[in-house]
Amino acid sequence: MSKLLLLLHAPPPPLHFTTAPILHRSATSLLRSSTLSKKPPNLSSSLTLFRKATPSSSFVSPSSSFRCRTLSVHAFDSDDSKTEQEEEKKESFHVKKNDEDYPSGEFDFQEIGAWNRFLVKLKMFIALPWERVRKGSVLSMKLRGQISDQLKSRFSSGLSLPQICENFIKAAYDPRVSGIYLHIDGLNCGWAKVEEIRRHIFNFKKSGKFVVAYLPACREKEYYLASACDDLYLPPSAYFSLYGFTVQAAFLAGVFENTGVQPEVQRIGKYKSAGDQLTRKSMSKENCEMLTAILDNIYGNWLDKVSSTKGKKIEDMINFINEGVYKVERLREEGLITNMCYDDEVISMLKEKVGVQKDKVLPMVDYSKYSRVRNWTLGLTGGRDLIAIIRASGSISRVRSPLSLSGSGIIGEKLIERIRQARESKKYKAAIIRIDSPGGDALASDLMWREIRLLAESKPVIASMSDVAASGGYYMAMAADTIVAENLTLTGSIGVVTGKFSLGKLYEKIGFNKEIISRGKYAELLAAEQRPLRPDEAELFAKSAQNAYEQFRDKAAFSRSMPVDKMEEIAQGRVWTGQDAASRGLVDAIGGFSRAVAIAKQKANIPQDRKVTLVELSRPSPTLPEILSGVGSSVVGVERTLKELLQDLAFSKGVQARMDGILFQGLEEASYDNPILTLMKDYLGSL
């Protein structure tokens with residue numbers, strides 16, 4: 001049967017500044033120099049332990065003096081009575097910390113002493129050619145398009161948030177770098193990533209060096225980031241629109257009526273809007289309420305931060321937006337930009353800043369080259385204490401499909417291997433799970449949840465959430481000791497939706513017929529798409545969805561040490577921003593990756609002023625062979641790729657713990673494409 005398993009709804013830095021510089025190393029390079037030779041655990045036998053999927057998504061809260069690992073790892077191993085589970089909850093009761101009880105991880109720039117400066121100069125002298133930078137250089141970074149939360153290899157294109165943030169850290173301490181020149185143009189990422197980069201701009205400025213921004217195209221997100229810079233320039237003909245924020249939702253019910261397609265959807269949770277696009281012609285009251293609250297948070301945060309940075313009153317910024325300003329000159333008059341200049345004019349001003357003659361070329365180093373400059377060259381070596389970093393970015397799948405590339409999403413089997421590697425090794429004092437995921441396969445989410453809980457039995461585990469950690473993404477995070485999110489991280493969405501298409505009328509219109517011979521009362525439940533569900537089948541379908549939701553909700557309540565009825569109030573498939581999630585007990589602390597590192601040090605009893613080494617257990621991707629493979633599949637296997645995408649859309653396997661792609665896309669940016677094509681693209685993008 002042409003089954004569409006629709007999604008669990010829950011929507012959308014890398015190396016950061018801490019009180020002491022942190023060395024960031026890959027696991028591969030560490031293993032080469034490590035005296036420890038312990039091998040990663042064998043997965044083949046242990047994977048058989050996890051056969052039961054319980055769609056859940058939640059966080060684990062910390063205790064005041066000990067980790068939440070007093071919770072039994074075996075609490076959900078079987079269908080034991082609720083009485084036993086309630087007893088375990090009582091035994092594991094602990095007092096949760098407030099946000100202010102956690103270290104802030106705020107960056108404190110420290111001048112390098114004379115001896116260390118000499119050592120840095122010596123290291124720079126013997127550095128490899130591609131790591132050398134001319135004295136007085138300006139670091140130029142073009143922030144445009146998508147920004148990944150994963151590390152990138154030298155063969156991969158695009159921007160990496162960890163490497164962007166690491167470049168800010170290195171440039172702050174690099175005596176060869178005089179300042180940073182940012183080209184900001186058309187960002188296609190969530191607000192949490194923008195907040196992370198903005199924080200690093202402020203941290204970099206503590207070094208006394210300048211940051212200049214140039215915006216050829218400027219909307220609210222680009223301006224929000226650029227407002228943190230010392231100077232902000234736009235060309236006279238810049239595309240800019242500071243008109244406010246919108247969120248959009250499109251609906252296909254009318255289209256399906258005309259084509260003879262009948263979606264049959266079971267959703268549990270009144271805010272669970274995944275599936276609405278298939279069954280409704282307009283937005284539900286609950287969905288409107290949820291989206292309005294998220295939009296108000298984004299708008300309020302923008303007004304508050306921008307007005308504070310530019311020395312304006314919030315009322316003045318509201319009036320400016322509502323005025324519908326379309327002339328760049330007004331931005332200068334209102335003090336929202338420094339001046340109107342072309343790129344070459346800005347470069348001429350930068351020459352004056354660094355003392356370069358007008359007829360000379362301004363020494364610049366770009367993002368790609370500077371990303372290859374090692375921390376060691378700048379004397380930013382880490383300490384002996386190691387913290388494992390496990391990155392989980394993208395949609396969740398249990399196994400890798402034949403056409404998927406490394407880094408294209410979260411592969412449960414691969415991530416479990418990384419988690420076990422961190423657990424089995426005694427050299428790691430703590431682990432940070434960095435999550436940027438709208439969810440996906442519920443079974444894979446549950447298996448990873450289990451492994452993270454096992455990891456947390458042996459050492460502190462901190463979940464750091466980026467743009468989105470919802471449904472399956474939140475499911476993973478709830479196994480950690482402490483959860484850290486940005487103000488606008490999209491999280492929550494504890495709810496379930498599942499469904500299928502009934503194509504009988506469409507088949508009749510096109511003259512197609514399908515007949516099925518079956519054995520078993522419910523054998524045709526997921527096989528017969530040529531007819532609607534019978535009443536008894538529909539009842540079973542509904543009970544199955546309800547059961548999945550209750551497991552999801554109960555596990556979330558257990559993980560957050562919260563009564564089930566209290567969790568029910570904040571579940572219901574509702575998506576929250578990080579700040580709202582924190583006020584409701586779904587998140588422990590507000591901040592970025594640097595705060596997660598500080599909390600990990602606190603939990604591992606490492607002094608805040610002691611340096612630590614962050615060890616990346618996920619290798620950068622894709623590799624060169626994978627890129628060549630991808631090119632081949634795009635040139636030769638286009639038909640196969642399209643067929644697989646359509647098959648994924650119509651035949652998703654298993655219950656999904658996933659955020660609605662349309663919600664995430666709508667909150668990211670307005671779209672001027674054909675709404676039907678955009679809708680289909682969003683659904684394909686969320687599969």
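Q: At 23% relative accessibility, does Arg199 count as buried, partly exposed or exposed, and why?

A: The model is a predicted one. To read such a value, one compares it with two limits: buried means under 20% relative accessible area, and exposed means over 50%. Arg199 has 23% relative accessibility and therefore counts as partly exposed.

Q: With which residue does Arg199 form a salt bridge?

A: In general, side chains of opposite charge can pair when their charged atoms come close. In this structure, Arg199 forms a salt bridge with Glu486, and the closest N and O atoms are 2.9 Å apart. Arg199 belongs to helix H6, whereas Glu486 sits in the loop between strand S19 (482–485) and strand S20 (490–492), so the pair ties together parts that are 287 residues apart in sequence. Glu486 has a relative accessibility of 3% and therefore counts as buried.

Q: Which residue forms a salt bridge with Lys193?

A: The partner of Lys193 is Asp436, with 2.5 Å between the closest N and O atoms. This pair links distant parts of the chain, since Lys193 lies in helix H6 and Asp436 in strand S16 (residues 428–437), 243 residues apart. Both Lys193 and Asp436 are buried.

Q: Where do Lys543 and Glu539 lie?

A: Lys543 and Glu539 both lie in helix H19 (residues 535–559), four residues apart, which is about one turn of the helix. Lys543 forms a salt bridge with Glu539, the closest N and O atoms being 3.2 Å apart. Lys543, at 51% relative accessibility, counts as exposed. Glu539, at 45%, counts as partly exposed. Elsewhere, salt bridges that share partners join Glu524, Arg531, Arg534, Asp536 and Glu537 into one network. The structure holds 34 salt bridges.

Q: How many helices and strands are there in the chain?

A: The chain has 26 helices and 25 strands. Of its 687 residues, 56% are buried. The chain exposes about 29,300 Å², of which carbon and sulfur atoms supply 53%.

Q: In which sense, parallel or antiparallel, does strand S5 pair with S2?

A: Strand S5 (residues 177–187) is mostly covered, with eight of its eleven residues buried. Strand S2 (residues 137–145) and S5 pair in the parallel sense over nine bridges. Within that pairing, Val138 has Gly179 of S5 as its bridge partner. S5 also pairs in the parallel sense with strand S6 (residues 210–214), over five bridges. His183 stands opposite Tyr214 in S6.

Q: What do S5, helix H6 and S6 make?

A: S5, helix H6 (residues 191–205) and S6 make a right-handed β-α-β unit. Helix H6 is also the helix that holds Lys193 of the salt bridge with Asp436.

Q: How many aromatic pairs are there?

A: Aromatic pairs are read from the distance between ring centres and the angle between ring planes. The count comes to twelve aromatic pairs. One of them is the stacked pair of Tyr475 and Phe552, at 6.2 Å centre to centre with 20° between the planes. This pair links distant parts of the chain: Tyr475 is in helix H17 (residues 472–477) and Phe552 in helix H19, 77 residues apart. Tyr475 and Phe552 are both buried. Aromatic residues can also be grouped, and Trp191, Tyr223, Tyr224, Phe245, Tyr299 and Trp302 form one aromatic cluster.

Q: Which residues form a nonpolar patch on the surface?

A: Trp115, Phe118 and Leu122 form such a patch, with about 360 Å² of accessible area together. Leu122 is found in helix H4 (residues 114–125). With a relative accessible area of 43%, Leu122 is partly exposed.

Q: What is the phi of Ser471?

A: As a general idea, most residues other than glycine have a negative phi. The phi of Ser471 is near 50°, a positive value in a residue other than glycine. Ser471 lies in the loop between strand S18 (461–470) and H17, and at 0% relative accessibility Ser471 counts as buried. Another positive value, near 60°, belongs to Gln572. Gln572 lies in the loop between helix H20 (564–570) and strand S22 (575–576). Gln572 is buried, with a relative accessible area of 16%.

Terms used: Residues are numbered from 1 along each chain as its sequence is written. This is a predicted model: local features need pLDDT of at least 70, side-chain atom pairs count only at pLDDT 80 or more; totals for chains, interfaces and linings use all residues. Side-chain values use heavy atoms; hydrogens and water are left out. Buried means under 20% relative accessible area, exposed over 50%, partly exposed in between (1.4 Å probe, protein chains only). Helices (H or I, at least four residues) and strands (E, at least two) are DSSP runs, numbered from the N terminus. Two strands pair if DSSP finds at least two bridges between them. A crossover is right-handed if, with the strands pointing away from the viewer, the path from the first strand over the helix to the second runs clockwise. Patches are made of residues with over 30% relative accessible area and no salt bridge: like charges are joined within 9 Å, nonpolar side chains (Val, Leu, Ile, Met, Phe, Trp, Tyr) within 5 Å. Accessible areas come from the Shrake-Rupley method with a 1.4 Å probe; for residues, only the protein chains shown count as cover. A salt bridge is a side-chain nitrogen of Lys or Arg within 4 Å of a carboxyl oxygen of Asp or Glu. Rings of Phe, Tyr and Trp (its six-membered ring) pair if their centres lie within 6.5 Å; planes under 30 degrees apart count as stacked, over 60 as edge-to-face and the rest as tilted.
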